[in-house]
Amino acid sequence: MEYGSVWRRAGKEYPRLEGDIERDIVVVGGGIAGFLTAFRLTEAGRKVTLIEADRLFSGTTGRTTAKITCNQGNVYAELYRRYGRSMTSLYYRSQVDAMRAYADLVKEYGIDCDWEEGDGYIFSRGNHCRPEKAYKALRNIGAECELVHDIRPMKACCALKMSGQYMFDPLKFLHALPADFEIFERSRVTEIDAEKRVLRTGGGSVKANVIVIATRYPVINSHGMYFMKLRQSASYTIAVTGRHVEDMYLDDEAEGLSLRPFAGGTILGGCDHRTGRRKRGGRFAELERNAAKLFPGCEVTDRWFGEDVMTFDGLPMVGEYAKGLENVYVATGFNKWGMTNAMAAAGILTDLITGADNPYAGVFSPQRGVRGAFFASLVNAAVNIAGMIAGALGISFVNADEIPSGEGRIARINGETKAVYRDEGGRLHVTDARCPHMKCRLKWNAETRTWDCPCHGSRFDADGRLLDPPAVKNNRRVSGESGGEE
């Protein structure tokens, strides 16, 4: 089965950036966060240019489960523990406001995007009712929610329930919004001079007054130290025939199931792990087993892979890119709640750029003091350092001729250590073993047949073509059997 999500909608094609230009505000990244930011800034009367590396919405936005919900379960318990009532309340309000903003736009423009209202459940299996902590935190800030028991079809012991949540088709929604701003597609930004605010692509350059980096994972390494503050999480999703649920469900386990209906089918997601940290496949098969157990007789129609950027305190990072760096902004770290946080980010960035007050700017600020994250930061740093050391050493005890068909390994070929994949026909696909982003050693993902970076989450196909940032260029390819450079 080919990979591809249920959110498939071809939109208008936009030109590639050619030549050198000057613009007022440039938003880098054509996902939902970048597009909504450009949309809101245009509403505020600013001139905006949006630059996308591929096609609009071809990244995480096209691989989402598309839940618009403030029921984010354990997020609130963690925020309350770290920051207390006020900050937790502000984050919750930002999510409620984002939900209302979507509903208002759907109504204002009469958008047909399979918009549905439903209940959202964060459920717990076993004997311990973990959502109870989130329920107490939410009740302490005055949120409307309830703790319910015996949740079917999940066979859960309890769940945190919120009514009045939403689901939609994100691509139908986005393509229906008026794009009264300049857009360039297939124009990957490969270099950014952050101080001079100059962006370079394969076809030209842009000198900007203001830059917004909305590329999911920030691509400017020289400022902000985001490569130490963030990690990327991989997730897997399938769609099956039959509308087996009418509401939204999420298991509170780290690798737990996520479910929601769509059109005439049901979406199941989960099996999350840090990008690049799992060599074996079987994730899609696991989802299919769960689907067969929950919904006997269903058939899988689609499957897809996605990534999300995670912060260490559960709050996104939206605002000034770094201290001392003027007129450069960022939106990242949505922690798997990208629909609501994309809308919240668009509002925050618009207000910061236009000089308006925003009640949530301090909560989302990348410069906030992240509390209680020392151990997680230490682990992240250790993973990054280990990956860079492995990349620098270039040691492998596997020879390329030992690799079976359909598998990829870091192996020795012609005396050098490379990333080697042998396809089903026996031909070798050879690329550099190190990610071009920060030279971490890549790892083979047997599930998606890609080379993934365990440090910062960049992904490449077997021939080194860049699939996901923060890398901004393809991985160096070497010809197959001969090992000669290409």
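Biologist: Which residue of β20 does A419 stand opposite?

Modeller: A419 stands opposite T431 in β20. Please keep in mind that this is a predicted model, where local features need pLDDT of at least 70 and side-chain atom pairs count only at pLDDT 80 or more, while totals for chains, interfaces and linings use all residues. Residues are numbered from 1 along each chain as its sequence is written, and side-chain values use heavy atoms, with hydrogens and water left out.

Biologist: What makes β19 and β20 a pair?

Modeller: Five bridges join strand β19 (residues 416–422) to β20, and the two run antiparallel. Two strands pair if DSSP finds at least two bridges between them, so β19 and β20 pair. A strand here is a DSSP run of E with at least two residues, a helix is a run of H or I with at least four, and both are numbered from the N terminus. The hairpin of β19 and β20 has five residues between the strands, and G426 takes a positive phi near 95° there.

Biologist: How many bridges does β20 have with β25?

Modeller: β20 and strand β25 (residues 477–478) pair in the antiparallel sense over two bridges. V430 stands opposite V478 in β25.

Biologist: Why is β20 called largely enclosed?

Modeller: Five of the five residues of β20 (residues 428–432) are buried, so the strand is largely enclosed by the rest of the structure. Buried means under 20% relative accessible area, exposed means over 50%, and partly exposed lies in between (1.4 Å probe, protein chains only).

Biologist: And is A386 buried, exposed or partly exposed?

Modeller: The relative accessible area of A386 is 45%, so A386 is partly exposed. A386 lies in helix α10 (residues 374–393). A386 and R441 are 55 residues apart in sequence and 8.9 Å apart in space, C-alpha to C-alpha.

Biologist: What makes D463 and H429 a polar contact?

Modeller: Their side chains make a polar contact at 2.7 Å. The cut-off is a pair of N or O atoms within 3.5 Å; within protein, one must be able to donate a hydrogen and the other to accept it, and residues adjacent in sequence count only if both atoms are side-chain atoms. D463 lies in the loop between β23 and β24. Leaving aside neighbours within four places in sequence, D463 is in contact (heavy atoms within 4.5 Å) with H429, T431 and R477.

Biologist: Why are β21 and β24 called edge strands?

Modeller: Four strands form an open sheet in the order β21-β22-β23-β24, with antiparallel pairing. β21 (443–445) and β24 (466–468) each pair on one side only. Strands β22 (residues 450–452) and β23 (residues 459–460) pair over two bridges in the antiparallel sense. The bridge partner of W451 in β23 is F460.

Biologist: What makes a space a cavity, and how many of 30 Å³ or more are there?

Modeller: On a 1 Å grid over the protein atoms alone, a cavity is a set of points where a 1.4 Å probe fits but cannot get out, and lining residues have an atom within 4 Å of a point. A search of the whole structure finds one cavity of 30 Å³ or more. The largest cavity has a volume of about 60 Å³, counted as the space filled by probe spheres set on the points, which are joined across faces, edges and corners. Its lining includes K67, N71, Y121 and W337. β4 (116–124) and β12 (248–251) each supply at least two residues of that lining.

Conventions
1 Å grid on protein atoms, 1.4 Å probe; cavity = no way out; pocket = protein on both sides within 12 Å on 5 of 7 lines; lining within 4 Å.
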